[in-house]
Every structure is written in structure tokens, then in C-alpha cells.
Amino acid sequence: MSRILAGNWKMNLGVAEGTALLRAIGDHAVPAGSLTTVVFPPLTILAALARERRIQDPKLGVQNCHAEPKGPFTGEVSPEMAREAGAELALVGHSERRRLFCENDASVQAKMKGVLRAGLKPVLCIGETLAERERRETRDVLSRQLGRALEGIPARAPLWVAYEPVWAIGTGVVATVDEVAEAHGWVLEELGRMGRGSAAGHPPVLYGGSVDPKNASGLAALPEVDGFLVGGASLAAETFLAIGDALVKAEHAI
Ligand code: PGA
């Protein structure tokens, strides 16, 4: 199966820098079928990047969107508008959205429905805080976030999941290989119990949180890790592509 390399640019990069980075990513050769690459740029440069791409690679996504198709929601952008601008995917429920912009399980569920209605592929972000991990609530949090976000959504709907422990995002503290294996194993079990995965296949589950070229190989070797959602290290071609190479190498070693 093709591994996934996703870059969340957050509130960084304008048209010139973003275009240069997109070109560098597009020009980097990997064995055919070994890697699917996606970037989530700021909305203001999405359409410019969509025009820039010569082929549909890398794919483009939005970091956030509103649940409704249109209406009086000042400052918001609908999933349909994001799609028109060139997005194929949408991050839903990133922990920065939950923590800084008051998103909760209910709004995440509404956004999941909106994203699917517009024909975008949702990348559902879930993960526990440090306090929740210390209280040994990681499994409960992951089950709750998955269950609530997917309520009412058909089992066959397109879905990627990103496990992103909040304490590892932007902190330089990466989860250990054992912690990631355990959390991903649990997510896969839960998806199976919800009828969204079987031995024949399951939605891809990405890991995110301080992934860099140094720690990528160890994590990429885990069979439970289908790819990475990379923040800080996705802003430079050299580090982002080195992480992609680690995924490709691990794929050949498995
Ligand atoms: P980070 O961010 O790689 O900078 O920790 C990951 C994310 O927020 O998706």
C-alpha cells in the first residue's frame, strides 16, 4: 500500500514561498505508487497552488472549513468553496482548532458531514492531552473522539485518521515508537469494531506530532503507521522530503 506524507503548513508561507515548496515536492522522484503526498496550505494560496501543479501531485487540502455549504457566516469558507479552489482533502478537528478555536466533538461531527457532502476526503484528527495521558485516559479519549466524529456517517465513506497526541504537536517531544504502536493499534481496533476496517483494509491512520527526519524511520517501520501528518518539518523541502524517503524505505523493508 502507498504510504502517505501530509504536510500541514498552518499559518505559514505566501504565494512565492508556497509555490517554490510545491514545485520542489512535485519534482522529487519516488518509486511509482510508493508514496501519496498531500499539502495543506493556507486558504489564501490554495487556488494559486492548484493552478501551479502540472499533474495532480501533490494533492491539496484545507486545514479547516465550515460545515455549511453557504450562508451568513462571516469570515468562513465552505467545503464546497474549498473544493472549487482546488482542495481534495480537509483536515477536520485538528487539536489547534479544538484548543484555540473552541471546536468540540459536535462541531467536528458537523464538519465531517459537510466535508463529505462536498466530495472532500476528511482527515480526522484525534489525540489526547498530556493530562489525559497521565490519567491513563488515552484509549477513552480516542474512542470518544472517533465515535462522535463518525456518528451518522456511512461505514464506506472516505476517511483518513490522524493520531496526533496534543502534547507532541509543535513541542519537539515525539511519541515513542511503543506509544504510537499502542495508540494506532487501539484506533485500528476501534475502527474495526465500528465496521470501518477489516483484515482486507482499513482507513489509513497517520501519526502526527514533531515528526522530523531523525525520528521518522523508527516510526515509519511500524506496520500500524500508514504515514505522517507533519507540521514544522513540512515547511522546508529538505526535511519534508527526507521524511517521505523514510516512509518509502520502510515500505520496502516491511
Ligand atoms: P508538528 O505539527 O509536526 O509541528 O508537531 C503536527 C501537526 O500539527 O499536524
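Reply: Let's begin with burial: a residue is buried under 20% relative accessible area, exposed over 50% and partly exposed in between, using a 1.4 Å probe and protein chains only. With a relative accessible area of 29%, glutamate 88 is therefore partly exposed. The model is a predicted one, so local features need pLDDT of at least 70 and side-chain atom pairs count only at pLDDT 80 or more, while totals for chains, interfaces and linings use all residues. Residues are numbered from 1 along each chain as its sequence is written, and side-chain values use heavy atoms, with hydrogens and water left out.

Glutamate 88 sits in the loop between α3 (79-85) and β4 (89-92). Here helices are DSSP runs of H or I with at least four residues, strands are runs of E with at least two, and both are numbered from the N terminus. Although glutamate 88 and lysine 59 are 29 residues apart along the chain, 6.8 Å separates their C-alpha atoms.

Now to the ligand. A residue counts as near it if one of the residue's heavy atoms lies within 4 Å, and 13 residues surround it, the closest being Lys10, His94, Glu164, Gly170 and Ser210. This shell divides into four nonpolar, seven polar and two charged residues. In that count, Ala, Val, Leu, Ile, Met, Phe, Trp, Tyr, Cys and Pro are nonpolar, Asp, Glu, Lys and Arg are charged, and the others, Gly among them, are polar.

Several polar contacts can be picked out, each a pair of N or O atoms within 3.5 Å; within protein, one must be able to donate a hydrogen and the other to accept it, and residues adjacent in sequence count only if both atoms are side-chain atoms. The side chain of glutamate 164 has an N or O atom 2.7 Å from an oxygen atom of the ligand. Serine 210 uses a backbone N or O atom, 2.7 Å from a ligand oxygen, and a polar backbone atom of glycine 231 is 2.8 Å from an oxygen of the ligand. The ligand taken alone exposes 280 Å², of which the protein buries 95%; these areas come from the Shrake-Rupley method with a 1.4 Å probe, and for residues only the protein chains shown count as cover.

Arginine 3 has 4% relative accessibility, so it counts as buried.

Tyrosine 163 and tyrosine 207 are both buried as well. A search of the whole structure finds one aromatic pair, and these two tyrosines form it, tilted, with 6.3 Å centre to centre and 50 degrees between the planes. Rings of Phe, Tyr and Trp (its six-membered ring) pair if their centres lie within 6.5 Å; planes under 30 degrees apart are stacked, over 60 edge-to-face, and the rest tilted. The pair links distant parts of the chain, with tyrosine 163 in strand β6 (residues 160-163) and tyrosine 207, 44 residues apart from it, in strand β7 (residues 205-208).

Most residues other than glycine have a negative phi. Arginine 136, in the loop between α6 (130-134) and α7 (138-150), has a positive phi near 60 degrees and is exposed at 77% relative accessibility. Cysteine 102, in the loop between α4 (95-100) and α5 (105-117), has a positive phi of about 60 degrees too and is exposed, at 69% relative accessible area.
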